[in-house]
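I opened this entry to look at two chains in turn.

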Amino acid sequence: MSNLVVSNISDGSTSVGTGYVVNGSAKVFAASDTQGTVVYGFNVSGVVDDGIGQRTFNFISALADTTYSAVSTPFASTGMTHAISGRTTTSASTDTDTNSGTSADRGVLLAIHGDLA
Amino acid sequence: MTQHLWTRLLEAKSRLAPVQSKYRVLFEDPSQPDAPAAVLVPDPNWMAAALAGGILPPIDTYLRDRDVPDGQPKEHPYAEPIGAMTEEEAIEYLVMKDIPPQVWRDYKGNRAILKIVPVHMIPSDRSYRNAWKINQEMAA
C-alpha cells in the first residue's frame, strides 16, 4: 500500500487540514437485515440479534469513550422508530419499534462518528 | 511502527471480498435469565480479515483492554497483527471478543448456554423470537 502524506487538501482557493477529513469520517457503519446478517459494514466484527427489534453492533477498533455520535435509521422500511438503546466503547445497541411502540424486526443502518481509542 | 487497526481495516476493505460465515453462535447470558437466546452473526468484512491474516490483533489484547477505563490508551489498536485463521478459529476468536466472559469462561452451571451452529439451524420463522432458548437435548 502506498501513502500520500499531506497536511492540507486544497481546491486552489480553500484548504482544509487532512486531520479534519480523517477525523471527520465515520468510524463505524453497518447495515444489517431483519435476521441480523450484516449486508455491508466497516469496523464491525459481529452483530448480536438479542431478540425482536434488538441488535448489538460490536466494533473491531474501539472508540475512545462513550461520548461518540451514533445514528440509527431503518433499512428499507418505513413507519418505524429507531433508537440507540445502549453504548460502550466497544459496541452500540439499537432498538426498533413500530410507531405504536411495539418492538419489530427490521433492517438497521448504523453510523458512528467519534474519536478512536 | 504498526499502523492503527482502523487504518488496517480501511486498507483491507479495499482489497478483500466479504466472506459470509456458514456459522452462527447461539448463547444465553446467565446474568439475564429471562432474556431469549442471543444470536451472534459474524460480519463478512471481519471474517475476510480473519481469514486473510495480518490485520486483526491478538485476542488477548481485547481481553486485557476490557479492564482499561474509557479514555485511557488501549492495547489492541496498535498491537502487532496475527496471522491467518481458519473459519473455525475465527469463530472461537469472535466468541471471546464479542460474548461476555460469564458465558464462555466463567459459567459453572449444567445448562448448555453457548452453541456454535450452521446458519440453517437458526429458525427463519421469528414469530416466537423472544421465547428462543438453546435446545438442551440437541446441545448435549
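I started with burial in chain B. Of its 140 residues, 28% are buried. I kept in mind that this is a predicted model.

Next I looked up the extent of chain B. Its C-alpha atoms fill a box of roughly 50 × 35 × 25 Å along the principal axes.

Then I listed the elements. I found 6 helices and 3 strands in chain B. Read from the N terminus, the order is α-β-β-α-α-α-α-β-α.

I took contacts in chain B between residues at least 6 apart in sequence. Of these, 74% join residues at least 24 apart.

I moved on to chain A. In what order do the strands of its open sheet run? I read 4-3-10-7 for the 4 strands, with antiparallel pairing. Strand 4 (38-42) and strand 7 (69-75) of chain A each have a single partner strand, so they stand at the edges and one side of each has no neighbour in the sheet. Neighbouring strands of this sheet are turned by 5 degrees against each other on average, direction ignored.

Strand 7 of chain A pairs with strand 10 (residues 107-113) of chain A. I noted 7 bridges for this pair, in the antiparallel sense. Which residue of strand 10 does Phe75(A) stand opposite? I found Gly107(A) there.

Terms used:
Residues are numbered from 1 along each chain as its sequence is written. Chains are lettered from A and ligands numbered from 1 in the order in which they are written. This is a predicted model: local features need pLDDT of at least 70, side-chain atom pairs count only at pLDDT 80 or more; totals for chains, interfaces and linings use all residues. Two strands pair if DSSP finds at least two bridges between them. Helices (H or I, at least four residues) and strands (E, at least two) are DSSP runs, numbered from the N terminus. Axes are lines fitted to C-alpha atoms, for helices over the stretch in contact, and angles run from 0 to 180 degrees between N-to-C directions. A residue is buried if 20 or more other C-beta atoms lie within 10 Å of its own, exposed if 12 or fewer, and partly exposed in between; C-beta atoms are placed from the backbone. Two residues are in contact if their C-beta atoms, placed from the backbone, lie within 7 Å.
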